[in-house]
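Thanks for coming, everyone. I have one model to walk through today. Let me put it on the screen.

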Amino acid sequence: MASVAEYYAGKSVLITGATGFMGKVLVEKLLWSCPEVKALYILVRPKAGQSMKQRVSDMMKCKLFDRVREDNPDFHKKIIPISSELTQPGLSISPEDVEKLSACINIVFHCAATIRFDEPLKHALQLNVIATQELLSLAQRMHHLEAFIHISTAYANCNRKHIDEVIYPPPVEPKKLIESLEWMDDGIVQDITPRLIGDRPNTYTYTKALAEYVVQQEQDKLNIGIVRPSIVGASWQEPFPGWIDNFNGPSGVFIAAGKGILRTMRANNDAVADLIPVDMVVNLTLAAGWYTDLEENILPLSFRKHHVISSFKRNPLEQAFRRPNANITSNYLINQYWILVSHKFPAFIYDLFLRLCGQKPQMMRIFNRLHKAIGLLEYFSSQDWEWNSENMNMLMSQLTPEDRTAFNFDVRQLNWPEYIENYCIGTKKYVLNEDMSDIPAARQHLRKLRNIRYTFNTVLVVFIWRVFIARSQMARNIWYFVVSLCFKFLSYFRASSTLTN
Ligand SMILES: CCCCCCCCCCCCCCCC(=O)SCCNC(=O)CCNC(=O)[C@H](O)C(C)(C)COP(=O)(O)OP(=O)(O)OC[C@H]1O[C@@H](n2cnc3c(N)ncnc32)[C@H](O)[C@@H]1OP(=O)(O)O
Ligand SMILES: NC(=O)C1=CN([C@@H]2O[C@H](COP(=O)(O)OP(=O)(O)OC[C@H]3O[C@@H](n4cnc5c(N)ncnc54)[C@H](OP(=O)(O)O)[C@@H]3O)[C@@H](O)[C@H]2O)C=CC1
């Protein structure tokens, strides 16, 4: 059997979602590790006033492509953008482009999706399900297609506790749902969405489950592979440690914790996050494409510990609101208590301070957004799942020793503390665009915050003393009782230590 790089040599690959987080890393890795790949056709839409060409050209200037650029300054010649809006009929690909793709594509990687948890059902269905159907129809017209790899999510079946490497029956027949939603206006769809998604937490996981079923329906006609990554995080090693470019999933949580905004979160302490580095997911995806005869190919990975706070204390973010420190609890009431004491109260005080300085209050607004985001993630951080991963182990065993290094997806090799440290540094450098040379100033800022906290606590104690103790006889009695008890304990301790000596 050919090595992975040999397999991709001379092949034309079609990628959807290439401008996204995972798509970019996939494009880079293909160019780097499979330099003989013939062409990468990427489906791109114009966005935010930028033309498709401009977007692709900006993407290729990104630091992510540094090593590829150094190795081959003409690498962009292999990337062929195809204009496509996936929510439009026929994916709005021109007839000429359809012809071109039908004639040359060997492998399809379908990464595009809406991953928002609050996406209206109609839109999530349009992009995650209908567009997948359209892409499968296009794939069937491709004369030389060898594999169709669909990126799903390990949470597509999160309504189950144990998830096997199978496609479960869909919650509803996708065709029927599409037909019924067609005539409904957005208001009605919004009203019935909770009933439709049932025991799934959001439209994302619901539509991803439907998409898997839609893909499976074509398994007799195409070589299908489905990859189910769990929570995709910053890169582990490639192209360099810590690459991340968005606030999704854990990244937003990490940043909020690093900025000292997030001080409490509801999570199951025994199963913090099923995190997997993006480069491992990409390696796995490329290996899945190489192993084309596979019927289903479902590959979840998991992670349980976080070292976020200590990492941010070593490498602080600029202008933190408070010192990083987060309480993780599975208890609803304790969490609500900390939200009040550590989120809302400091936000209120800070906004009051801003108002007094004649500025616009902003902290409450930031916390409201944070609570919305954390609330949406809570379902995933508070539960534990068991995933079967036999196919992943089997795939690993099929790789040559060289490929096991070049396309490594063995999560056991990860040094998690080191990975999380690089992840946190990555959020600082690539998401927030902060300079590493500012770290001494950021540390100084944290020291200042610590001193402010000490001063604040002292003032608070004196205040409580004045208000509650100094004015009430009963409080004074309790206070004297506590002090005398401490005094007696100290005397006893001193006497007994003298006796021992
Ligand atoms: C202490 C250690 C604990 C460790 C413990 C970790 C446990 C961590 C468990 C995670 C568990 C995940 C499980 C995923 C499982 C999948 O399958 S991964 C798929 C992941 N998908 C996501 O994560 C998407 C979730 N995000 C969303 O749905 C939406 O962003 C939200 C949360 C509803 C917010 O929507 P919104 O209010 O409309 O805001 P949005 O338009 O997204 O963003 C507005 C702006 O704020 C920025 N922004 C977004 N989020 C943030 C943020 N958190 N902070 C600052 N700015 C932000 C955006 O970049 C954007 O900037 P502009 O582009 O406007 O300049
Ligand atoms: N991130 C994660 O933690 C996880 C992700 N996944 C799956 O991995 C895949 C990739 O996720 P990720 O890279 O994080 O997502 P991103 O949101 O970063 O990327 C989504 C991609 O889809 C494209 N896209 C969205 N809407 C359209 C449209 N209407 N027409 C054309 N293209 C469109 C986006 O293009 P544009 O730039 O134009 O918006 C972008 O390239 C998804 O299928 C997701 O379900 C699975 C598990 C976890």
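Let me start at ligand 1. Helix α14 gives the largest share of its shell, with seven residues. That helix covers residues 363-381, and α10, at 250-258, is the other element supplying at least two residues. Before I go on: this is a predicted model.

How many residues surround ligand 1? There are 30, and the closest are Phe-247, Asn-248, Gly-252, Ala-373 and Phe-380. What is the make-up of that shell by class? We have 20 nonpolar, six polar and four charged residues.

Now ligand 2. Its shell has 27 residues. Gly-17, Gly-20, Leu-86, Ala-112 and Ala-113 come nearest. Two elements give two or more residues here: helix α2, residues 21-33, and strand β8, residues 231-233. The largest share is from α2, and that share is three residues. By class, the shell around ligand 2 splits into 12 nonpolar, 11 polar and four charged residues.

Next, the whole protein. The chain has 501 residues, and 40% of them count as buried. Its secondary structure comes to 19 helices and 12 strands. Along the principal axes, the C-alpha atoms fill a box of roughly 90 × 55 × 50 Å. Take the contacts between residues at least 6 apart in sequence: 84% of them join residues at least 24 apart.

On to the core. In soluble globular proteins, nonpolar side chains tend to be buried together. In this model, the largest nonpolar core holds 122 residues. Which residues have the most contacts inside it? They are Ile-15, Met-22, Leu-30 and Ala-287. The top contributor to this core is helix α6, residues 121-140, with 10 residues.

Let me zoom in on Ile-15. Set aside its neighbours within four places in sequence. Ile-15 then contacts Gly-23, Leu-26, Val-27, Leu-40, Ile-42, Phe-109 and Cys-111.

Last, the annotation. An unreviewed UniProt entry places the feature "transmembrane region" at residues 454-472 and 478-495. What does the model show over those spans? Residues 454-472 are 84% helix and 0% strand, with end C-alpha atoms 26 Å apart. Residues 478-495 are 100% helix and 0% strand, and the end C-alpha atoms there lie 26 Å apart.

That is my tour. I'll take questions now.

Conventions
Residues numbered from 1 in each chain as written. Chains lettered and ligands numbered in written order. Predicted model: local features only at pLDDT ≥ 70, side-chain atom pairs only at ≥ 80, totals over all residues. UniProt positions renumbered as here; feature names shortened; annotations may be inferred. Helix = DSSP H or I, 4+ residues; strand = E, 2+ residues; numbered from the N terminus. Core = buried A, V, L, I, M, F, W, Y, C linked by C-beta atoms within 7 Å. Buried ≥ 20, exposed ≤ 12 C-beta atoms within 10 Å, placed from the backbone. Contact = placed C-beta atoms within 7 Å. Near = placed C-beta within 6 Å. Nonpolar A, V, L, I, M, F, W, Y, C, P; charged D, E, K, R; others polar.
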